[in-house]
Amino acid sequence: MELPFAESWKIKMVEPIRKSTYKEREQWIKEAHYNVFQLKSEQVYIDLITDSGTGSMSDRQWAGMMLGDESYAGATSFFNLKETITRLTGFSYIIPTHQGRAAENVLFSYLVHEGDIVPGNSHFDTTKGHIEGRHAIALDCTIDEAKQTQLEIPFKGNVDPIKLEKALAEHADRIPFIIVTITNNTAGGQPVSMQNLREVRAIADKYGKPVLFDSARFAENAYFIKMREEGYQNKSIKEITREMFDLADGMTMSTKKDGIVNMGGFIATRKEDWYEGAKGFCVQYEGYLTYGGMNGRDMNALAIGLDENTEFDNLETRIRQVEYLAAKLDEYGIPYQRPAGGHAIFVDAPKVLTHVPKEEFPAQTLTIELYLEAGIRGCEIGYLLADRDPITKENRFNGLDLLRLAIPRRVYTNNHMDVIAVALKNVYDRRERITHGVRISWEAPLMRHFTVKLERI
């Protein structure tokens with residue numbers, strides 16, 4: 001008999017969590033203006049708002065923190081991190097930052113200017129914010145199949161080569177670079193194939209444009225290439241990782257995801273002009289070049305985390321837990337972006353709350369209902385996150401409207417996945433009685449979902 005699957009780690013430390021009553025949650029979410037970002041962590045039972053910075057570090061990472069060098073300049077911890085990044089990616093120029101959006105801010109301060117167009121595959125919220133905040137355009141060139149949540153294809157995060165070439169043919173002089181997000185978070189944690197990365201590289205070379213990877217979950221992307229793309233089954237995650245980055249000119253990374261640290265990020269590139277252009281902004285916004293926005297101890301932990309999470313066993317444990325939750329939702333008939341993503345389940349809210357009009361934000365409404373049901377905090381990735389069109393100021397309803405259940409790495413057990421699935425089923429079973437959503441009472445002009453105030457209709 002074949003042995004059942006089990007985690008590739010064992011538990012050394014635990015943190016207590018507490019349940020709450022429905023009445024308590026009703027009061028708490030009202031006080032938070034129906035924005036789950038405004039809840040206190042102790043008001044949450046199972047926290048799936050993000051997998052960013054919420055993972056559990058390993059014993060090796062904690063040991064590495066004790067050896068952190070906190071020298072202001074030239075810290076050994078920086079060179080440990082630089083060696084690891086260069087070994088995994090081939091990029092020789094490294095700028096550490098305090099997180100991914102800081103890496104974008106530093107690099108885009110040099111690269112992105114008013115009137116520019118930056119094509120890519122479903123730019124995530126901070127990426128789009130840093131582009132549009134500079135009065136440039138984030139042009140989505142994701143394949144159309146990504147919008148069909150019930151369609152199962154292996155690489156739903158791909159860039160559409162026809163859309164990309166059209167953008168370059170029409171606007172080449174306004175395009176400073178092409179960005180590819182691996183995995184494609186906004187489209188449901190969907191991977192990008194190696195073949196697609198090659199196609200993007202070929203188009204970029206044709207028009208003389210550099211390619212930047214938004215690499216928060218590059219290791220998960222490499223795992224899907226290994227599992228789903230012909231010719232990669234016998235390659236290691238580290239070999240696939242290097243092949244991916246050989247097709248890029250640089251990367252930004254929020255290391256709070258696939259680096260499995262609580263805070264951190266970096267820019268890495270092979271282009272000396274990018275490094276020279278960005279480093280002044282690093283000093284201005286983040287700190288000196290050999291620490292950026294990071295402590296020495298955190299750089300040590302990150303170097304170890306990057307090494308650990310580019311091993312197959314660690315990634316398999318993580319992604320199979322997401323698949324376990326997906327199988328439970330299949331059992332209950334709950335629609336989500338298929339196939340299951342690498343870091344999260346993305347529930348198709350308009351297919352669940354069919355009576356809530358788009359103007360009343362179905363995914364945000366479903367987020368609230370799940371919290372009320374069981375104290376589970378998810379995150380809307382949809383019409384609220386899309387912000388308003390920077391020109392017309394109208395809400396953007398042309399994308400997907402999803403409830404993201406992001407699974408922290410090495411944190412929850414499959415028993416927690418069972419609780420999540422049943423809680424969602426309970427909401428699903430009463431979906432016909434949910435006929436109204438929420439409206440905005442206050443919003444920020446950019447990245448409004450973090451601070452928006454809502455009221456129930």
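Biologist: What makes a contact across the interface of domain 1 and domain 2 a salt bridge?

Modeller: A side-chain nitrogen of Lys or Arg must lie within 4 Å of a carboxyl oxygen of Asp or Glu. By that rule, seven salt bridges cross the interface of domain 1 and domain 2. This is a predicted model, so local features need pLDDT of at least 70, side-chain atom pairs count only at pLDDT 80 or more, and totals for chains, interfaces and linings use all residues. Residues are numbered from 1 along each chain as its sequence is written, and side-chain values use heavy atoms, without hydrogens and water.

Biologist: Why are the side chains of E220 and R318 called a salt bridge?

Modeller: They meet at 2.7 Å, N to O. The cut-off is 4 Å, so the pair counts.

Biologist: How do you know which residues belong to domain 1 and domain 2?

Modeller: The assignment gives domain 1 as 22–51 + 312–456 and domain 2 as 59–310. Such bounds come from an automatic or database domain assignment.

Biologist: What puts domain 1 and domain 2 in contact?

Modeller: Contact means heavy atoms within 4.5 Å. On that basis, 34 residues of domain 1 touch 41 residues of domain 2.

Biologist: Why is the second largest pocket said to lie between domain 1 and domain 2?

Modeller: Both domains give residues to its lining, so it lies between them. Lining residues have an atom within 4 Å of a pocket point; a pocket is an open set on a 1 Å grid over the protein atoms alone, where a 1.4 Å probe fits, with protein on both sides within 12 Å along at least five of seven lines.
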